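Morning, everyone. I have one model to walk through today. Please take a look at it first.

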Amino acid sequence: MAAARKLRKGLSLDQSDDVSLEEAVLCLVVTNAVEVQDESGRSLGIAVYDPSFSWINHSCSPNACYRFIFSPPNATSFGEDSCSALRIVPRVSEENFGVCSCSEYNKGTEGYKYGPKIMVRSIKRIKKGEEVCVSYTDLLQPKAMRQSYLWFNHQFTCSCSRCTVSPSTFVDHALEEILASNPSFSSAGLDLNLYRDEANKKLSHYVDETITEFLSVGDPESCCKKLESVLEGGFHVEQLESEDGKSRLNCKFHPFNHIALNSYMTLASAYRIRSSDFLAFHSKTDESQLKAFEMSRISAGFSLLLAGATHHLFCSESSLIVSAVNFWKQAGESLLTIAGSSVWNLLGLPISELSTLVKYKCSECSLMDIFGAKSILNQAERTNFENISSDFLACVRSASPKFWRFLIHGCHYLETFKDPFDFRCLAHARCVAEDVDFIKEDSNCEHHAESYTNARTHIYKVGMHCLVYGVILAHICYGQNSHLTTHVLNHVENFVH
Ligand SMILES: C[S@@+](CC[C@H](N)C(=O)[O-])C[C@H]1O[C@@H](n2cnc3c(N)ncnc32)[C@H](O)[C@@H]1O
C-alpha cells in the first residue's frame, strides 16, 4: 500500500484516486496471496510470493503441491523466538516500491529471518509444455463445494478436467454418496439421486454446526454422540408417497461421503481428547486407565477407517496424495500409541512383550525392514511406486481383520465395518464380535492373553506399515528433508529404540 501511494505521488494523481488505488492493491493481494501454515497446519496469515509462485493456476486434479520451509535445516523448534523472527516485515526501496520477493528475503545472512520460503513439487508426471497447477481448495470436497469456495474466494469457475468430465468422476460421485437403508425404498425402484442433494445439504449443515460447536465450546463427548448418532442411525430425508401410503426414506452416509470423512477426522480427534481428559481428571485407577485406553482405541479405529477410505479415493485420483499422507501418518501414530500403551499390563501382557514386538519383520513386503537403512526412500524413487503401494495395502488388509474388532469394541458405528478396508458390506449388517469378547474382566485368563498378544502384534505391524507408507507418500509430496518425513522417521525410530 505504501508503495502504491508512493507511485500515485510520483505520477501526480489526485487524492480522489485513493480508494480505487487502495482497492486495486487489496485485489492484487487477495488474488495472489496464499495462506501460510506452520508445520502442524496452523494458519499464520497470508503472504504474497513472487511471480514464479503466484502465476500458478488452480486445478481440482493438480499435478503439483507446495509447502512452506520455515527454518534452516538444523533448527527444529518453533518457539516464541522463532515466531517473532517470522513476522513479515514490509520493506520499501526506491527500485521496487516495497515489493519484496520471498527469494530476496531468504538471501544471504538474513536468510530465513523474515518469513518462510515456499517450495513447489510435482506429484504427477508433468509432460513438457503441460501447465503446472496446484490446488487452492480442499480436494476432498465434492464439486459443488469446491466450485462455490473458488467462486467466493477467488472469483472464478473452475473448468479443470475433474470439474468438466461427464458423468462425474468416481471420486466426485463417491464424495456425495448416500445409501438408502430402507429396503422398501430400494425395492420401489425410486431414484436416490433425486434426494442426494437435499440430504447432503441438510446433513452437511448439521455436521458442520456440531464440529464448529466442538471447536469453540470444546465438549468432545457431546460431539462424539451427535456425530455417531448421525453416522449410525442415518437420517430421514422426506415423506415419500408410495402405493401403501406415506413411507419415510432413511438414508446413511457412504463412508466415502465427504461428510462421513469429515466426521471420522473429527471423531478421531474428539476421542483422543476424551482419552487424555479422562486420565487428567480421574484418579489413575485400573478402571480409568482402561476407559482412557478404550477411547484411544476408538480414536485409532476412526483414523484407520479414514485412511482406508481416503486411500480408496486416492487410487482413483492421485492428487489426493496430500490428504493420504496426513491420514496414514495419523493412523500409524495412533496405532503405535495403542501398541506401546502400558495398559496391556492390565490385560495380562507385560511391557517386556514390546521388545519381541519390535523385532517383528514382515514376510510379505519390505516395508518393515527399512529402518536402520532409510533405503526405502531411494527405493521409492527407483522402483515402481504402484508395487510398493499394492504390497502395502495387501499387508494391512490381511492384518487388520485380526485386531479390528478388538480396536473398535464399544463403538457401535465402527462395529458396522467388517474391517477398515472392506467397504462392500457397509452399514447394512452389524459385524459385532462373535468369537472373542476381548475386554473381559478376567484378563489373566490364558486364552485372552493369547488373543491380546495377537491383537497387539498386528496393531504394531499395521501401525508401522501405515507410518512407513506415510513417509513414502510424504517423500513424494514434500521431499526427503520435509518436516513430515523427518517427524515420521523420528517417531518410528523412537518407538523401535
Ligand atoms: C495466483 S493467481 C494465478 C495466476 C493468474 N492466472 C495470472 O495469470 O496471474 C490466481 C488467480 O488466477 C485465476 N485462476 C487461477 N486458476 C484458475 C482456473 N483454474 N480457472 C480460471 N481462473 C483461474 C483466478 O483469477 C485467480 O484469482
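At what angle do helix H12 and helix H13 pack, and how far apart are their axes? Keep that in mind for a moment. A word on the source: this is a predicted model.

Now the overall picture. The protein chain has 497 residues, and 33% of them are buried. Its secondary structure comes to 20 helices and nine strands. Look at the contacts between residues at least 6 apart in sequence. Of those, 71% join residues at least 24 apart.

Back to the helix pair. H12 runs over residues 258–281, and H13 over residues 286–316. The angle between them is about 160°, and the axes lie 8 Å apart. The cut-off for roughly antiparallel is an angle over 145 degrees. H12 and H13 are therefore roughly antiparallel to each other. The crossing of H12 past H13 is left-handed. What residues make up this contact, by class? We have 15 nonpolar, six polar and three charged.

Last stop, helix H19. This helix covers residues 446–478, and Cys477 is found in it. Is Cys477 buried or exposed? The cut-off for buried is 20 or more other C-beta atoms within 10 Å. Cys477 has 20 such neighbours, so Cys477 counts as buried. What does Cys477 touch, leaving out residues up to four places away in sequence? The answer is Cys65, Arg121, Ile123, Ile321, Val322 and Val325. Now take Lys124. Cys477 and Lys124 are 353 residues apart in sequence, yet 9.7 Å apart in space, C-alpha to C-alpha.

Ile472 also has its place in H19. With 23 other C-beta atoms within 10 Å, Ile472 is buried.

Over to you for discussion.

Definitions and conventions. Residues are numbered from 1 along each chain as its sequence is written. This is a predicted model: local features need pLDDT of at least 70, side-chain atom pairs count only at pLDDT 80 or more; totals for chains, interfaces and linings use all residues. Axes are lines fitted to C-alpha atoms, for helices over the stretch in contact, and angles run from 0 to 180 degrees between N-to-C directions. Helices (H or I, at least four residues) and strands (E, at least two) are DSSP runs, numbered from the N terminus. Angles under 35 degrees count as roughly parallel, over 145 as roughly antiparallel, 65 to 115 as roughly perpendicular and the rest as oblique. A crossing is left-handed if the near helix is turned anticlockwise from the far one by less than a right angle, and right-handed if clockwise. Ala, Val, Leu, Ile, Met, Phe, Trp, Tyr, Cys and Pro count as nonpolar, Asp, Glu, Lys and Arg as charged, and the others, Gly among them, as polar. A residue is buried if 20 or more other C-beta atoms lie within 10 Å of its own, exposed if 12 or fewer, and partly exposed in between; C-beta atoms are placed from the backbone. Two residues are in contact if their C-beta atoms, placed from the backbone, lie within 7 Å.
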